[in-house]
Amino acid sequence: MSATPPAPAAPKTNRLGLPKAEYEGSKSTLCLGCGHDVITKQIINAFYAMGIEPHRVAKFSGIGCSSKTPAYFLNRAWGFNGVHGRMPSLATGALVANGRLVGIGVSGDGDTASIGIGQFVHLVRRNIPLLYIVENNGVYGLTKGQFSATADVGAKQKNGALNVFTPIDCCSLAIELGGSFAARSFSGDMKQLQTILEAALAHKGTSVIDVISPCVTFNDHEGSTKSYKWSKEHETPVHEIGFVPYFEETLAEIPPGESKDVKFPDGSTLRFRGVGRDYDPTDREKALAAIHKSYETGEILTGVLYVEPEKPPFGDLLNLVDEPLQDLPMERLRPSKEALEAIMESLR
Ligand SMILES: Cc1ncc(C[n+]2csc(CCOP(=O)(O)OP(=O)(O)O)c2C)c(N)n1
Ligand code: SF4
Ligand SMILES: [Mg+2]
């Protein structure tokens, strides 16, 4: 008599009892090896690890290979793929109308730093509650590899053309604008990227995450400063980071005592351990100085470059009610006829 085969093991689940498959999306249509696909994988891991219900998430993007990627994660979330460079205003509208959504925006360096720069700066200065990823490959991948506004001076295009224009650094720009969370990572550094994404999900304002994400088809050659090789050789983490979400007790990798802790309002902790350089991610001036210095040394500084968890997000600054505006009846959304008449009377 043959033995009964063992029952298949139940899939691993997160704190909501959901398997990771619940956080996945459609199959990617990007080029094999594209850095953007690695970021997608870490987004899935971060939402799974944080135990966020997929149906509470709203995904936003503009146009570009990067902006296609929200189709590849969190199938059950809401999604809005907007016009090139205009994702911030879409996200602002949706997140103001329903502050209970968890917002994630995925953009490219072209979508953000070229055509979308005007939208990006206002998103950041308003501290809209959005996790905003710039998948930064230094080129317009979707339209075949023209330089974007993040290309470094002297970077070489595949056809040999050199970039002569000063690059825009989305992290230092965000810090300069009074942004409350600015991080840089590299798609080849998956552990750091996932930790940053988890911390960004605990943050209440705009979290800007600039991820160097090589375009293997148009910008991975010798002379490119956004290739895998160049990025690996120049990536310089400013600290080791560990994240303890509010629903977990301890963090094994970085014991307290050897580190600096930054607390988020929900009780989560971001823990920093120095790696031999004096870097304080809560000091805006010093963070900017260190980033500016890195332009001379050629280092690509990565980690959470600046964080200010207590900065009030947009809804608090405007004193919005806790209930989603979209659920309020008209009589609570606009002043009554009597109230308007009373105002007019007071002005006579
Ligand atoms: C208004 C408008 N202008 C120009 C384009 C053409 N276009 C499509 S994607 C793109 C750039 C995409 O670059 P990036 O945001 O860096 O994304 P990547 O493809 O590199 O991930 C451009 C210029 C467009 N679709 N719409
Ligand atoms: S063209 Fe570049 S950015 Fe677009 S999918 Fe291919 S490798 Fe990625
Ligand atoms: Mg690009």
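Which residues are around ligand 2? Keep that question in mind while you load the model, which is a predicted one.

**Stop 1: ligand 2**

Around ligand 2 you will find Leu-30, Cys-31, Cys-34, His-36, Cys-65, Asn-137, Gly-141, Cys-215, Val-216, Thr-217 and Phe-218. Colour this shell by residue type: 7 of its residues are nonpolar and 4 are polar, with no charged ones.

**Stop 2: the sheet of eight strands**

Switch to a cartoon view. An open sheet of 8 strands runs in the order β2-β1-β3-β4-β8-β7-β13-β9, and its pairing is mixed. Its edge strands are β2 (78–81) and β9, each of which pairs on one side only. On average, neighbouring strands of this sheet are turned by 20° against each other, direction ignored.

Now select β3 and β4 (residues 130–136). These two strands run parallel and are joined by 6 bridges. To see one of the bridges, pick Gly-105, whose partner in β4 is Tyr-132.

Next, bring in helix α9. Helix α9 packs on this sheet, where it touches β7 and β13, and its direction makes about 165° with that of β13.

**Stop 3: strand β13**

Select residues 300–307, which make up strand β13. Are the residues of strand β13 mostly covered or uncovered? The strand is mostly covered, with 8 of its 8 residues buried. In this count, a residue is buried if its relative accessible area is under 20%.

Look at the two neighbours of this strand in turn. Strand β7 (residues 181–186) pairs with β13 in the antiparallel sense, over 4 bridges. On this side, Ala-183 is opposite Val-304 of β13. Strand β9 (residues 235–237) runs parallel to β13 and is joined to it by 3 bridges. Here Pro-237 is opposite Thr-302 of β13. While the side chains are on display, recall a general point: along a regular strand, side chains alternate between the two faces of the sheet.

**Stop 4: Leu-101**

Select Leu-101, in the loop between α3 (87–97) and β3 (102–108). Leaving out residues up to four places away in sequence, Leu-101 touches Arg-56, Ala-58, Trp-78, Ala-94 and Leu-95. Then draw a line from the C-alpha of Leu-101 to the C-alpha of Leu-130: the two are 9.7 Å apart in space and 29 residues apart in sequence.

**Stop 5: the sheet of three strands**

Move to another open sheet, with 3 strands in the order β10-β12-β11 and antiparallel pairing. At its edges are β10 (239–244) and β11 (260–263), each pairing on one side only. Neighbouring strands of this sheet are also turned by 20° against each other on average, direction ignored.

Between β10 and β12, which run antiparallel, there are 6 bridges. Pick Gly-242 to find one of them: its bridge partner in β12 is Arg-271. Helix α7 (residues 190–202) packs on this sheet and touches β10 and β12, its direction making about 50° with that of β10.

**Stop 6: salt bridges**

Side chains of opposite charge can pair when their charged atoms come close. How many salt bridges does the structure hold? It holds 15.

Start with Asp-152 and Lys-226, whose side chains meet in a salt bridge at 3.2 Å, N to O. This pair links distant parts of the chain, 74 residues apart: Asp-152 is in the loop between β6 (146–147) and α6 (170–176), and Lys-226 is in the loop between β8 (207–212) and α8 (228–234). Asp-152 counts as partly exposed because its relative accessibility is 25%, whereas Lys-226, at 6%, counts as buried.

Go on to Glu-299 and Arg-277, a salt bridge in which the closest N and O atoms are 3.0 Å apart. Glu-299 lies in the loop between α9 (284–297) and β13, and Arg-277 in the loop between β12 (269–274) and α9, so the pair ties together parts that are 22 residues apart in sequence. Glu-299 is partly exposed at 26% relative accessibility, and Arg-277 is partly exposed at 30%.

Then select Glu-296 and Lys-293, whose side chains meet in a salt bridge at 3.6 Å, N to O. Both residues lie in helix α9, 3 residues apart, which is about one turn of the helix. Glu-296 counts as exposed at 65% relative accessibility, and Lys-293 as partly exposed at 49%.

End with Asp-169, Arg-184 and Asp-210, which are joined into one network by salt bridges that share partners.

Methods:
Residues are numbered from 1 along each chain as its sequence is written. Chains are lettered from A and ligands numbered from 1 in the order in which they are written. This is a predicted model: local features need pLDDT of at least 70, side-chain atom pairs count only at pLDDT 80 or more; totals for chains, interfaces and linings use all residues. Side-chain values use heavy atoms; hydrogens and water are left out. Buried means under 20% relative accessible area, exposed over 50%, partly exposed in between (1.4 Å probe, protein chains only). Two strands pair if DSSP finds at least two bridges between them. A residue is near a molecule or strand if one of its heavy atoms lies within 4 Å of it. Ala, Val, Leu, Ile, Met, Phe, Trp, Tyr, Cys and Pro count as nonpolar, Asp, Glu, Lys and Arg as charged, and the others, Gly among them, as polar. Contact means heavy atoms within 4.5 Å. A salt bridge is a side-chain nitrogen of Lys or Arg within 4 Å of a carboxyl oxygen of Asp or Glu. Axes are lines fitted to C-alpha atoms, for helices over the stretch in contact, and angles run from 0 to 180 degrees between N-to-C directions.
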